[in-house]
Amino acid sequence: QVQVVESGGGSVQPGGSLRLSCAASGSFSSINHITWYRQAPGNQRDLVARITSGDITTYGESVKGRFTISRANAKNTVYLQMNLLKPEDAALYLCNVYATVGLVTYPYWGQGTQVTVSS
């Protein structure tokens with residue numbers, strides 16, 4: 001099994017910054033990629049940023065230039081640095097880890113961490 005734990009959410013004023021963390025643990029042999037999604041009430045779940053095992057990164061259009069995804073030295077932990085936050089960035093941020101357990105590759109989800117942006 002794979003456990004995914006997000007942390008770092010909170011409340012911040014517009015223009016502020018937060019850093020989210022996503023840590024994966026468990027009996028997996030490899031991680032293909034780790035993706036941050038976000039979902040606001042009544043909205044669909046949107047891709048925020050992804051980093052592959054080869055450190056290739058992808059960003060949603062609305063966060064390009066403001067958010068940065070990176071790995072910690074412990075490769076199973078990923079950060080999402082969020083700068084210049086806007087009220088529309090407020091959402092539940094969820095981490096998805098695409099990991100291989102045995103012969104099966106499967107997406108594993110965390111419970112999410114809430115981000116609030118308001119003055």
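Trainee: Leaving aside neighbours within four places in sequence, which residues is aspartate 89 in contact with?

Mentor: Please bear in mind that this is a predicted model. Aspartate 89 lies in the loop between β8 and β9. Apart from neighbours within four places in sequence, its contacts are Arg38, Arg66, Phe67, Leu84, Val115 and Val117.

Trainee: Is aspartate 89 buried or exposed?

Mentor: A residue counts as buried when its relative accessible area is under 20%. Aspartate 89 has a relative accessibility of 0%. Aspartate 89 is therefore buried.

Trainee: How many residues apart are arginine 38 and aspartate 89?

Mentor: Both arginine 38 and aspartate 89 are buried. Arginine 38 belongs to strand β4, whereas aspartate 89 is in the loop between β8 and β9. The pair links distant parts of the chain, and the separation is 51 residues.

Trainee: Lysine 64 forms a salt bridge with glutamate 61. Is glutamate 61 buried or exposed?

Mentor: In this salt bridge, the closest N and O atoms are 2.6 Å apart. Lysine 64 counts as partly exposed, because its relative accessibility is 47%. Glutamate 61 has a relative accessible area of 63%, and the cut-off for exposed is over 50%. Glutamate 61 is therefore exposed.

Trainee: Which element gives the most residues to the largest nonpolar core?

Mentor: The largest nonpolar core has 30 residues, and those with the most contacts inside it include Trp36, Tyr93 and Val97. Among the elements that give two or more residues to this core are β4, β8 and β9. The most, five residues, come from β9.

Trainee: What is the radius of gyration of the protein chain?

Mentor: The protein chain has eleven strands and zero helices. For 119 residues, the globule rule gives 14 Å, and the chain is close to that value, so it is as compact as a globular protein of that length. The radius of gyration is 14 Å.

Trainee: What percentage of the residues of the protein chain count as buried?

Mentor: The accessible surface of the protein chain comes to about 6200 Å², with 49% belonging to carbon and sulfur atoms. Of the 119 residues, the buried share is 40%.

Conventions: Residues are numbered from 1 along each chain as its sequence is written. This is a predicted model: local features need pLDDT of at least 70, side-chain atom pairs count only at pLDDT 80 or more; totals for chains, interfaces and linings use all residues. Side-chain values use heavy atoms; hydrogens and water are left out. A nonpolar core is a set of buried Ala, Val, Leu, Ile, Met, Phe, Trp, Tyr and Cys residues joined through side-chain atoms within 4.5 Å. Buried means under 20% relative accessible area, exposed over 50%, partly exposed in between (1.4 Å probe, protein chains only). Helices (H or I, at least four residues) and strands (E, at least two) are DSSP runs, numbered from the N terminus. Contact means heavy atoms within 4.5 Å. The radius of gyration is taken over C-alpha atoms; the globule rule is 2.2 Å times the number of residues to the power 0.38. Accessible areas come from the Shrake-Rupley method with a 1.4 Å probe; for residues, only the protein chains shown count as cover. A salt bridge is a side-chain nitrogen of Lys or Arg within 4 Å of a carboxyl oxygen of Asp or Glu.
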